Amino acid sequence: MKKYQLGEFEEIVMLTIAILYKEAYGVAIKNEIESRLKRNVSMGAMHTALVRLEDKGYIRSHDGEPTEERMGRPKKYFQVTALGKRAMEYSRETRNALWGAIPDVSPNVKFS
Amino acid sequence: MKNNPPKRPLQFLRWFCREDYLDEIEGDLTEVFIKQAETHPRKAKWKFAWSVIKYFRPEFLKSFKNHQPNAYGMYKSYFKIGWRNLVRNNGYSVINIGGLAIGMAVAMFIGLWVNDEISFNKNHTNYADIAQVRYSNFDQSTHTTGGSDGVPLPMGAVLKDTYKQNFKHVLMAWWLGDYSLTAGENQLTAKGEFIEPEVIDMLSLKMLRGSNHALADPHSIILSQTLAETIFGATDPINKTLRIDNNFDVKVTGVYEDLPRNSKFGEVHFFSPWDLWVSANNWIKDSANDWNNSSFNIYIQKHPHVSYEGIDNAIKDIYYKPVARADINHKKVALLYPMSQWHLYSEFKDGRPAGGRITFVWLFGTVGFFVLFLACINFMNLSTARSEKRAKEVGIRKAIGSAKEALIFQFLIESFLVVLLAFVLTLILVTISFPWFNELAGKKLSIPFTNPIFWLASLTFVTLTGFLAGLYPSFYLSTFQPVKVLKGAIRVGRFASLPRKVLVVVQFTVSVVLIIGTILVYQQIQYASNRPIGYNREGLLTLPINDPGYKGKPDVIKNELLNTGVVEDMALSSNTMTKSNRHLSGFNWPGKDPEKEASFNCVDVSYGFGKMVGWQIIAGRDFSEALSTDSTTIIINETAATYLNLKNPIGEFITTRGGQSLQIVGVVKDMVMDSPYEPVKRGIYFLDKNYVAARQIIIKINPTVSAAEALPEIEAIFKKIVPSASFDYKFVDDLYANKFSQEQRIGKLATFFAILAIFISCLGLIGLASFIAEQRTKEIGVRKILGATVTNLWQMLCKDFVTLIMISCLIATPIAYSLMNGWLQKYTYRTEISWWVFVATALGTFCITLLTISYQAVKAARMNPVNSLKSE
């Protein structure tokens with residue numbers, strides 16, 4: 001059984017949250033992912049991921065001040081929890097371990 | 001505002017999205033949208049919509065079940081607030097609840113009455129298929145179409161034979177009548193019906209004893225439960241013997257459950273076979289083939305699948321086809337008179353049912369609705385008037401988030417509270433005044449407390465009234481804008497009170513119309529009863545010559561009566577003083593226009609008749625016993641004299657259809673014998689020397705003797721001379737008064753309704769006036785300080801209302817005029833609608849209104865300004 005459940009997209013979202021640190025709210029996360037990874041992010045998909053992550057306890061949220069540009073709606077800021085951090089680390093370690101396990105005989109393995 | 005996100009997707013989002021995510025999602029989408037809209041507004045919109053659709057997934061859907069929070073607390077609070085409001089403003093509450101209760105009580109009475117009227121005969125299972133056979137015929141002498149439910153005996157056989165495919169039952173019957181029943185020593189009179197045995201099935205009688213074939217034996221009788229108990233008490237009535245009219249014996253073969261009172265047969269307490277009646281009356285057998293003797297009743301029950309129209313079409317020519325059975329000149333047409341019309345359509349026009357009590361059902365229904373409507377208007381007026389007091393409450397409720405719907409609901413609940421209280425009061429009022437109502441309406445009704453339909457109807461009624469009364473206030477109050485209301489008193493402009501004024505005008509218009517109507521009904525009754533009737537009806541008795549034993553006895557009776565001293569005179573006539581029933585045509589006279597109709601109303605009278613009833617001879621002389629030639633003389637009335645158009649009618653001759661020549665010896669003033677509202681018919685009085693045509697004995701009691709003293713002596717003489725005849729006398733006075741009974745009843749009811757209407761309207765005025773005085777307390781205080789007198793203030797407060805009443809009177813006058821004019825058209829002899837009725841009503845209404853509001857106005861005007869100004 002897997003210790004930490006974390007999908008690929010979920011991982012990206014979590015990483016972005018960590019990058020943005022105090023400024024991680026919906027639109028900012030979306031923009032960050034879009035600019036860094038050059039991929040289109042659907043609001044709905046991202047939101048679903050956020051909801052799941054929050055359910056799993058990897059991130060937590062708090063409401064910010066309502067702003068003009070959002071027509072009075074408050075921003076919801078996300079933060080990675082300690083559990084979330086461990087999940088990210090676990091995911092990274094498993095990958096590293098896997099990377100490390102690739103034998104040197106095939107140095108030209110292509111990853112695309 | 002161009003950059004707002006598109007509305008519909010947003011609404012959709014708000015509808016499905018979980019509330020804890022909604023803010024965030026909406027914010028995010030809006031932010032993205034606004035950024036994009038700067039460069040690509042159109043694309044941004046599409047994108048927004050598309051994003052919303054993508055959000056439509058399980059994670060974000062709100063739970064649609066059990067979404068409503070528990071609202072019990074809220075309803076409780078509504079009731080509590082409503083109750084507190086009622087208790088705090090107890091004056092208004094009394095007016096409101098009292099007015100509404102009176103309105104509802106009237107509506108309930110009328111509802112019960114209408115229900116009783118329209119449910120007549122409906123207790124019979126075959127209600128829709130039962131009918132009576134009638135005929136209508138055209139009378140050539142009077143050019144009128146008449147009709148009767150008396151039909152010839154052979155018609156029954158033809159219906160049973162030739163037309164049998166239409167009918168389940170065709171039952172010959174005798175008329176409903178009173179019969180004496182003797183069981184041993186016991187004798188009593190009961191209404192009964194002789195009819196063919198299938199009646200048990202047709203009327204769906206519920207047999208408590210005996211079978212459905214209990215009348216198969218000709219010498220049988222079935223009794224209602226009540227009658228069986230009255231005669232036999234606790235003992236078993238079956239197989240006991242009864243004697244009907246001291247004439248024939250019957251054996252009790254069954255007991256049926258009493259029919260309800262609101263059924264044609266409700267008063268009938270026994271049924272006996274038709275064959276028994278035939279065997280007891282020999283003449284009936286002789287009529288078996290006589291199509292001209294219309295003395296019988298036929299009841300039918302048709303098959304459900306055939307229509308009345310179909311049968312009517314089939315049987316209409318039964319008198320003449322396939323063979324002419326009756327005199328072709330009478331043009332008789334047979335028709336069915338369905339049970340559903342027996343009660344409500346009992347008046348006939350041109351031989352067909354054309355109205356009757358149905359008019360009253362409509363009339364009272366409308367009036368009841370209006371009285372209730374007035375009470376509802378009161379409620380609306382007081383609620384909206386008081387709304388300014390509650391404006392702050394509405395403002396605060398709205399400010400802290402109460403939706404408009406919730407406020408509407410709250411005020412509706414308050415109105416329901418009032419209506420429910422009023423309903424309880426109504427039940428009490430109705431229970432108390434039921435005996436009085438029954439007397440007025442001539443019914444035996446009671447509140448059907450155990451009937452679920454009654455409660456269902458009441459519930460509907462309460463809901464409807466609550467809704468009707470609460471609708472306007474609740475919608476009006478809930479539209480207040482919290483900002484305006486909380487900033488200060490609402491001054492919603494000059495037209496804010498307009499709806500209220502309109503309602504007051506409506507209320508008083510209805511009241512004034514009812515008052516004018518009442519006055520005119522009474523005027524009409526008064527007018528007709530003050531009409532000179534051409535004879536003196538005081539102390540006149542009339543009794544029918546209904547027994548062969550009278551033959552040759554009138555002179556003996558007269559002598560005996562005169563000997564007692566209690567009787568002043570006696571005479572005989574062919575009809576009662578209050579009904580003319582013989583029209584003869586074919587008269588001829590010198591100078592008659594051949595086109596002119598020649599029928600006259602004919603009355604045969606004995607010597608001394610005229611003198612006794614006190615007719616007034618305006619020309620010529622009375623019949624004289626001294627002149628033997630008087631048997632060929634006549635006396636005509638004034639109308640006839642005008643009609644004959646002779647210069648001097650005395651001494652002229654007119655000839656009958658048979659060629660007999662009659663000399664006119666006198667002209668009398670018109671005597672009102674028929675409807676007091678109709679012109680007197682042209683009449684001819686014949687001398688009936690040998691009492692050939694006499695049908696009524698008319699007696700004048702000695703004016704010095706009281707009727708109570710005279711009657712026993714008169715009866716004794718009749719019993720002595722004609723023992724077999726019943727002493728069935730009537731006072732002419734009473735008979736004449738009966739002609740007014742319907743109008744009297746309308747008059748009484750109209751008075752009652754008019755008083756209620758004005759009372760309810762005034763209740764409303766009291767409420768409004770006191771409210772307005774209260775609202776203007778400060779203004780009155782300031783005016784007083786500046787020197788206004790009580791009179792000034794009184795004028796100021798009354799002015800508004802007086803204007804409204806004036807408008808009401810102006811509106812009501814033409815309405816009342818046209819309505820009452822229509823009603824009076826029914827009567828040929830009718831009172832004029834004079835202008836003073838309207839003026840008097842208007843003045844009266846003004847006085848009542850002024851009295852009502854003056855109390856409040858003066859109270860407000862006399863207040864010490866110090867008190868009114870210092871309070872805040």
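## Helices α19 and α22 of chain B

In this predicted model, residues B:V556, B:I557, B:E560, B:L561 and B:T564 of α19(B) meet B:E713, B:I714, B:I717, B:F718, B:K720 and B:I721 of α22(B), where contact means heavy atoms within 4.5 Å. Helices (H or I, at least four residues) and strands (E, at least two) are DSSP runs, numbered from the N terminus. By class, this contact contains 7 nonpolar, 1 polar and 3 charged residues. Ala, Val, Leu, Ile, Met, Phe, Trp, Tyr, Cys and Pro count as nonpolar, Asp, Glu, Lys and Arg as charged, and the others, Gly among them, as polar.

Helix α19 covers residues 554-564 of chain B and helix α22 covers residues 707-721 of chain B; they pack at an angle of about 150°, with their axes 10 Å apart. Axes are lines fitted to C-alpha atoms, for helices over the stretch in contact, and angles run from 0 to 180 degrees between N-to-C directions. The angle therefore makes α19(B) roughly antiparallel to α22(B); angles under 35 degrees count as roughly parallel, over 145 as roughly antiparallel, 65 to 115 as roughly perpendicular and the rest as oblique. The crossing of α19(B) past α22(B) is right-handed. A crossing is left-handed if the near helix is turned anticlockwise from the far one by less than a right angle, and right-handed if clockwise.

## Helices α5 and α24 of chain B

Helix α5 (residues 90-118) of chain B packs with helix α24 (residues 741-775) of chain B at an angle of about 160°, and their axes are 10 Å apart. Because of this angle, α5(B) is roughly antiparallel to α24(B). The crossing of α5(B) and α24(B) is left-handed.

From α5(B), the contact involves B:Y92, B:I95, B:G99, B:I102, B:G103, B:V106 and B:I110. From α24(B), the residues taking part include B:F753, B:L756, B:F759, B:I760, B:L763, B:G764, B:I766 and B:G767, and B:S770, B:F771 and B:E774 also belong to the contact. The residues of the contact of α5(B) with α24(B) divide into 12 nonpolar, 5 polar and 1 charged.

α18(B) packs with helix α26 (residues 790-824) of chain B at an angle of about 40°, with their axes 7 Å apart. At that angle, α18(B) is oblique to α26(B). The crossing of α18(B) past α26(B) is right-handed, and the contact between α18(B) and α26(B) has 20 nonpolar, 4 polar and 1 charged residues.

Helix α18 spans residues 498-529 of chain B and contains B:T518. With a relative accessibility of 8%, B:T518 counts as buried; buried means under 20% relative accessible area, exposed over 50%, partly exposed in between (1.4 Å probe, protein chains only). Apart from neighbours within four places in sequence, B:T518 is in contact with B:G747, B:A750, B:T751 and B:A754.

## Two loop residues of chain B

B:N247 is located in the loop between β8 (241-244) and β9 (248-256) of chain B. B:N247 counts as partly exposed, at 47% relative accessibility.

B:D317 lies in the loop between α11 (308-315) and β12 (333-338) of chain B. With a relative accessible area of 26%, B:D317 is partly exposed. The C-alpha atoms of B:D317 and B:V333 are separated by 6.0 Å, and these residues are 16 residues apart along the chain.

## Chains A and B as a whole

Chain A comprises 4 helices and 2 strands, in the order α-α-α-β-β-α from the N terminus on. Of its 112 residues, 41% are buried. Among contacts in chain A with a separation of 6 or more, 52% are between residues 24 or more positions apart. Chain A exposes about 7,100 Å², and carbon and sulfur atoms supply 52% of that surface. Accessible areas come from the Shrake-Rupley method with a 1.4 Å probe; for residues, only the protein chains shown count as cover.

Chain B has 28 helices and 25 strands. Buried residues account for 49% of the 872 residues of chain B. Among contacts in chain B between residues at least 6 apart in sequence, 77% join residues at least 24 apart. The accessible surface of chain B is about 43,000 Å², and 58% of this belongs to carbon and sulfur atoms.

## Basis of the values

Residues are numbered from 1 along each chain as its sequence is written, while chains are lettered from A and ligands numbered from 1 in the order in which they are written. In this predicted model, local features need pLDDT of at least 70 and side-chain atom pairs count only at pLDDT 80 or more, whereas totals for chains, interfaces and linings use all residues; side-chain values use heavy atoms, with hydrogens and water left out.
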